[in-house]
Amino acid sequence: MAAETLLERITDYANRSDPYPLYAELREAGRVVRQEDGSYLVGTYHEISALLHDPRFSADPRNLTAPPEGAPKPPFLRLDDPEHHRLRTLAMRPFGPPHSPGRIDAMRGEITEVTDELLDGLRDRAQIDVVDDFAYPLPVTVICRLLGVPREDEPLFREWSNAIVASADVRPEDKDSIEQDRAGDQARIEMGQYLVNLAEQRRGHPTGDMLSAFVNEPDPAMLLTREELAETAVLLLIAGHETTVNLIANGVLTLLRRPDQLDRLRREPDLLPRAVEELLRYEPPVHMRERIPLADVEIAGTSIAKGTSTVLALASGNRDPKRFHEPDRFDPTRPDNEHLGFGSGIHLCYGAPLARVEAQAALGALIPHLGTAYLLQDPPPYRYAAMLRGPRHLPIEMQQPWPC
Amino acid sequence: MAGDRRDGRIVIVGASLAGLRAAEALREEGFTGSLTVVGDEPYPPYDRPPLSKQVLLGHVAADTTGLPMRRDPDADWRLGVRATGLDPVDKRVVLAEGESLPYDRLLVATGTRARPWPNPREAALDGVFTLRTRDDAAGLAERLAAGPQRVLVIGGGFTGSEIASACRERGLEVTVTERGPAPLVGALGGTLSKLAAAMHRNNGVDLRCGVTVTALRGDGNGRLTGADLSDGSRVEADVCVAALGAVRNVEWLAEAGLAAGPRGLACDAGCRAFDMYGIVTDDVFVAGDVSRFPHPLFEYQLLSLEHWGNAVAQAEVAAHNMVSAGPLRRPHLALPTFWSTQFGLNIKAVGVPTLSDHVVIAQGSLEERRVVMVYGYRGRVTAAVTVDMAKSLPYYQHLIETAAPFPPVPGAADRPIAAEIPVPSDVPDPKGLSHGPTVALTGHLPDRRLTVVQPTS
């Protein structure tokens, strides 16, 4: 056994560009694999799915370690029912059914416009960075409009977001993590304050965005407290732009590596929605989630003690040959593709409908122009985070500028 | 051998969900022979769940619920044609016009029909409906849109409750009569039926339990005016829906010597029909509501289901087995699941709630109208029903599949104190209900006398 645990190797930045052989090793090692620090790692589809649905597994990090004094309460992503359900339901009111059905679908036109504007600006460029020029600005612009955050403040919240993502990353505990956690908490407080201030400006003057809806809710029983509004808005802004960027960039990377599939999607654009689902399986934006059992739990013959960190490698479950036929093949026509790209269970991705529309619009607009493009760097440089995995830059050569 | 089975003549009798999915699956499995689908309704396959929900609410028209096709099954569709008989020796399906269709393998997917109001003269009154088909739904929706004074729903099962819910959402006065102690009691047992009764009453339904309708009354012009109830009271209503459960469409098989009866056509786990002596056939297959099949998780008793998901899953297994040789055949092992939406609640179930002696609230609470109810039989989990907690269902499905002990072990973050206290499940004998059960254990023997029916004429 190597001195390094699998979790250390998976989170090691040197392995960021291709963690999939490590996931295969993880699945070989067993269904529930104990790490040297006592935590558990789960990489097989059926066990991950079972744990994501098991009401005895908590998403609340406070069941692992007591939070430092003054740390903000976790957002609903990391709370359990019934509190999770209450906050997610309130957050859903201006976003989706049953209160706002059709809201995201109605944004298709607007999202396509943003996409076209971005592409227009790239028309005469021989080289582009798919991340900085396209995959990042698109979801940021969309989530800013949806929430009601000024787009020009992006440099401001990007820094907070970076600190929060770094502190929330899955990694073995070490001395750096305490410092990172502190920086992350501080960023969450500042970003929350910023977003609450924006919301307050809209009290009595709603501007059609979600922050306006939150502060102008007429039913007092449906109002978020100031703290809940801060946590929820921070969660939505970060989740809204730190994940879809990976999905779009991973999509371009995957298709440029497979010219046959790129060509097929150009000829059969109706396949795009299924191609996006396959991307969510094959190269998901979120690779891992952490859960903590609230009781001693036996799973796949292994007993996990109450309060033990259990990391679910969703991206590994997506490549489990016991669930998916030829899992390492990218197949936009794959049947029965119930992937874990959006998780599963009560925390199933809140923003999934928006991510789908964005990825479909982005790839649909880009694909016709990628016929002669090629990757300038393969593998590309990756972002540091292991949990939210995606290219930091994706430079490509267009060879010939596209026709108008 | 396998090659032979991919060719030849297959006839599917029944052109609804199970028939369509089987036809698609046969082609998906590589069947290249001739395929004929017979349906007594004149329409291509359509979806029925919206008929008691969106259609009655006026959100969609009854003729817009056509089922999307996964692929063109390249079939000869004989729609608007009733199958009236089966000759299993000569291998022919007899059609109403006298024509007969020869087959090498047959799939019976004739489903069910609405149990009619038993008095034909009263049933013929203008304003009296049943709800099963597209035409039923179109007629009822039109009548509801016209704004009747009061709608009487006879039977508080799922269909009756959904109709009542749609009426209230449209602002219509509605009375529901149920012979049993509460709505949904036959399917969900005592505890959740009390929640169902509260939902009816809180939403303004005039709910009358423990009573039956003894007569429907009409005016001189044949129009419904109301109903007499067994407690001596009278309900004035200009629309009445008899929601009395379903009748299996097996009469056409009466002379075929198969194990067909009021509970359906019995088959093995591979969807092959039994004959009346309990001998399994190898050329007559069955899928969907008309089938009655053994399930290992429920003591191998023969199950009768009226579930959308079962029709799909069983049709796919039947199709696979129709074109596969013995060792390559698959069993139909899918767990029963069903859903209903009514009074703003999403009710979803897995397993067989009627196979239970106790229940326990495992998550949430009745007061919040958000609950997971787990059903146990002799110390193991046999079913779970969620109210507005459908995302929790897969966990309990896993417990059923692994015969986990009942009550479920503690540890859920939202586990209520009530989770420590199992109570009797109180599932009544279906004979005492107005509504038939949509899931029923029907015993072990395919050749029981009760499965023999006489032709009605």
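**Helices and contacts in a predicted model**

Reader: What makes helix 5 of chain B largely enclosed by the rest of the structure?
Author: A residue is buried if 20 or more other C-beta atoms, placed from the backbone, lie within 10 Å of its own, exposed if 12 or fewer do, and partly exposed in between. By that count 10 of the 12 residues of helix 5 of chain B are buried, so the helix is largely enclosed; among them are F158(B), E162(B) and C167(B).

Reader: Why is A239(A) called buried?
Author: A239(A), found in helix 11 (residues 226–242) of chain A, has 20 other C-beta atoms within 10 Å and is therefore buried.

Reader: How do you know what span helix 2 of chain B should have?
Author: The expected span is 1.5 Å times one less than the number of residues; for the 12 residues of helix 2 (residues 17–28) of chain B this gives 16 Å, and the end C-alpha atoms are 16 Å apart, which agrees. Just after helix 2 of chain B, G30(B) takes a positive phi of about 95°.

Reader: Why are helix 14 and helix 16 of chain A called roughly perpendicular?
Author: Their axes, lines fitted to C-alpha atoms over the stretch in contact, with angles from 0 to 180 degrees between N-to-C directions, come within 10 Å and cross at roughly 115°. Angles under 35 degrees count as roughly parallel, over 145 as roughly antiparallel, 65 to 115 as roughly perpendicular and the rest as oblique, and helix 14 and helix 16 of chain A are therefore roughly perpendicular to each other.

Reader: What makes two residues count as in contact, and how many residues of chain B are in contact with chain A?
Author: Two residues are in contact if their C-beta atoms, placed from the backbone, lie within 7 Å; on that criterion 11 residues of chain B are in contact with 15 residues of chain A. The largest share of the chain B side, 3 residues, comes from helix 9 (residues 393–401) of chain B.

Definitions and conventions:
Residues numbered from 1 in each chain as written. Chains lettered and ligands numbered in written order. Predicted model: local features only at pLDDT ≥ 70, side-chain atom pairs only at ≥ 80, totals over all residues. Helix = DSSP H or I, 4+ residues; strand = E, 2+ residues; numbered from the N terminus.
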